[in-house]
Amino acid sequence: MIELIILNALYIVGFHLATGEEMILNKPALWIEERIPYWLTKPLFNCPTCMASVHSIVPYFYMNDLTTHNLLIYPFYVCALAGLSTILARQTE
């Protein structure tokens, strides 16, 4: 589980950085920002902390089966992922 959190956090920070100014995903990010409200772009690519809520779904449930136990653990996974993503993103500023 720890390995999954670390990999997921690295993915989130990398994706966030790739949408930054003069990066490969900047133009698609700007296109999306023109069409939807800012608060909706935060969990997609604008806020590493917020991104944990959306970008954790596929990795978590791909690596874990849908049992009641895993569904109960998921909120804690998202919180840990949000914290680690925030720490890593602040290191890149």
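Mentor: Rings of Phe, Tyr and Trp count as a pair if their centres lie within 6.5 Å. This is a predicted model, and a search of the whole structure finds 5 aromatic pairs.

Trainee: What makes the pair of tyrosine 60 and phenylalanine 61 edge-to-face?

Mentor: Their centres are 5.0 Å apart and the planes stand at 90 degrees. Planes over 60 degrees apart count as edge-to-face, so the name applies.

Trainee: Is tyrosine 60 buried or exposed?

Mentor: Tyrosine 60 has a relative accessibility of 0%. Buried means under 20%, so tyrosine 60 is buried.

Trainee: Why is phenylalanine 61 called partly exposed?

Mentor: The relative accessible area of phenylalanine 61 is 25%. Buried would need under 20% and exposed over 50%, so the value falls in between.

Trainee: Why is the pair of tyrosine 60 and tyrosine 74 called tilted?

Mentor: The ring centres of tyrosine 60 and tyrosine 74 are 5.1 Å apart, and the planes meet at 55 degrees. Stacked requires under 30 degrees and edge-to-face over 60, so this pair is tilted.

Trainee: Where in the chain do tyrosine 60 and tyrosine 74 lie?

Mentor: Tyrosine 60 is in helix H5 (residues 57-63) and tyrosine 74 in helix H6 (residues 68-92). They are 14 residues apart, and their pair links distant parts of the chain. Both tyrosine 60 and tyrosine 74 are buried.

Trainee: Which residues form one aromatic cluster?

Mentor: Tyr60, Phe61, Tyr74 and Tyr77 make up the cluster.

Trainee: How many helices and strands does the protein chain have?

Mentor: There are 6 helices and 0 strands. Of the 93 residues in the protein chain, 32% count as buried.

Trainee: Which residues of H1 are buried, and what covers them?

Mentor: Leu4, Ile5, Asn8, Ala9, Ile12, Val13 and Ala18 are buried in H1. Their cover includes helix H2 (26-35), helix H4 (48-55), H5 and H6.

Trainee: Why is isoleucine 2 called exposed?

Mentor: Isoleucine 2 belongs to helix H1 (residues 2-18). Its relative accessible area is 57%, and exposed means over 50%, so isoleucine 2 qualifies.

Trainee: Which residues form a nonpolar patch on the surface?

Mentor: The patch consists of Ile2, Ile6, Leu7 and Leu10, which together have about 410 Å² of accessible area. The protein chain exposes about 6,300 Å², with carbon and sulfur atoms supplying 70% of it.

Trainee: What makes the contact between glutamate 34 and arginine 35 a salt bridge?

Mentor: The N to O distance between the side chains of glutamate 34 and arginine 35 is 3.2 Å. The cut-off is within 4 Å, so the contact counts as a salt bridge. The count for the structure comes to 1 salt bridge.

Notes: Residues are numbered from 1 along each chain as its sequence is written. This is a predicted model: local features need pLDDT of at least 70, side-chain atom pairs count only at pLDDT 80 or more; totals for chains, interfaces and linings use all residues. Side-chain values use heavy atoms; hydrogens and water are left out. Patches are made of residues with over 30% relative accessible area and no salt bridge: like charges are joined within 9 Å, nonpolar side chains (Val, Leu, Ile, Met, Phe, Trp, Tyr) within 5 Å. Accessible areas come from the Shrake-Rupley method with a 1.4 Å probe; for residues, only the protein chains shown count as cover. Helices (H or I, at least four residues) and strands (E, at least two) are DSSP runs, numbered from the N terminus. Buried means under 20% relative accessible area, exposed over 50%, partly exposed in between (1.4 Å probe, protein chains only). Rings of Phe, Tyr and Trp (its six-membered ring) pair if their centres lie within 6.5 Å; planes under 30 degrees apart count as stacked, over 60 as edge-to-face and the rest as tilted. Contact means heavy atoms within 4.5 Å.
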